[in-house]
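Here are my notes on this model, as numbered points. Please read them with the structure open.

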Amino acid sequence: MQDIIDGRCGWCGTDELYVKYHDQEWGKLVTDDKILFEFLVLESAQAGLSWITILKKREGYRKAFCNFDAESVAQMTDEDVERLMHFEGIVKNRLKIKSTITNARQFLAVQKEFGSFYDYTLSFFPDRKPIINTFRSMSEIPVSSPESDAMSKDMKKRGFKFFGTTICYAHLQASGFINDHLTDCICRKR
């Protein structure tokens with residue numbers, strides 16, 4: 001994979017949806033818990049699949065999971081799981097559907113304990129500040145970090161599902177807690 005394509009991090013290639021996501025969302029710090037929950041849902045759905053697969057199903061997930069409203073998702077039942085097993089537009093994996101409901105309940109518990117999921121996430125970072133890496137090549141970007149290791153371990157202890165350290169690292173990248181845009185990427189020059 002090329003490091004830079006059309007001035008951007010090479011992982012997004014030239015796919016219009018991927019480029020828009022790269023330019024407008026990926027690596028930009030998210031402080032809004034509703035958006036953090038959306039990323040949590042999408043990243044955990046991605047486990048074992050390509051990100052573009054989930055990105056293309058994003059609107060399906062929005063419809064299936066109450067516009068990413070954690071309180072509504074937390075109240076979903078086994079009947080909802082059965083309904084979603086036949087819902088077009090999402091990955092029809094029973095364990096992942098159930099984990100979304102479980103994760104919504106845990107997300108709310110974390111919000112109650114820490115005041116916000118944003119504050120909880122920052123608690124894993126030195127000086128409670130996001131990390132801006134200065135990688136020049138895709139091959140330098142790790143799949144996990146001490147922060148993602150610690151956060152995913154804590155989340156697992158709390159009962160979150162489908163959120164190991166690699167998925168957690170991807171979540172932290174997507175939501176801007178770790179900025180891994182390559183140094184020559186146009187997003188660094190803005």
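Predicted model: local features only at pLDDT ≥ 70, side-chain atom pairs only at ≥ 80, totals over all residues.

1. The volume of the largest cavity is about 40 Å³. With the cut-off set at 30 Å³ or more, the count is one cavity.

2. Which element gives the most to the lining of the largest cavity? Helix 7 does, with four residues. Helix 2 and helix 7 each supply at least two residues of this lining. By class, the lining of the largest cavity has five nonpolar residues, three polar and one charged.

3. Helix 7 covers residues 94-114, and its axis comes within 10 Å of the axis of helix 2. The two axes cross at roughly 150 degrees. The crossing of helix 2 and helix 7 is right-handed.

4. The contact itself can be listed by side. Helix 2 brings Asp33, Leu36, Phe37, Leu40, Val41, Ser44, Ala45 and Gln46. Helix 7 meets them with Lys96, Thr100, Asn103, Ala104, Phe107 and Gln111. In class terms, the contact of helix 2 with helix 7 holds seven nonpolar, five polar and two charged residues.

5. Next, the largest pocket. About 500 Å³ of space lies in it. It is lined by 17 residues, and those closest to its centre are Trp11, Trp26, Trp51, Ala170 and Gln173. Two or more lining residues come from each of helix 1 (16-24), helix 2 (33-46) and helix 10 (165-174).

6. Where does the largest pocket get most of its lining from? Helix 10 gives the most, with six residues. By class, the lining of the largest pocket divides into 13 nonpolar residues, three polar and one charged.

7. On the helix 9 side, the contact residues are Glu147, Ser148, Asp149, Met151 and Ser152. On the helix 10 side, they are Thr165, Cys168, Tyr169 and Leu172. The contact of helix 9 with helix 10 comprises four nonpolar, three polar and two charged residues.

8. Last, the annotation. An unreviewed UniProt entry gives the feature "binding site" at Cys9, His22, His181 and Cys185. These positions spread over 177 residues of sequence, yet they cluster in space, with a largest C-alpha distance of 10.3 Å. Cys9 lies in strand 2, residues 8-9.

How values were computed
Residues numbered from 1 in each chain as written. Heavy atoms only, no water. 1 Å grid on protein atoms, 1.4 Å probe; cavity = no way out; pocket = protein on both sides within 12 Å on 5 of 7 lines; lining within 4 Å. Points joined across faces, edges and corners; volume = space filled by probe spheres on them. Nonpolar A, V, L, I, M, F, W, Y, C, P; charged D, E, K, R; others polar. Axes fitted to C-alpha atoms, helices over the stretch in contact; angles between N-to-C directions. Left-handed = near helix turned anticlockwise from the far one by under 90°. Contact = heavy atoms within 4.5 Å. UniProt positions renumbered as here; feature names shortened; annotations may be inferred.
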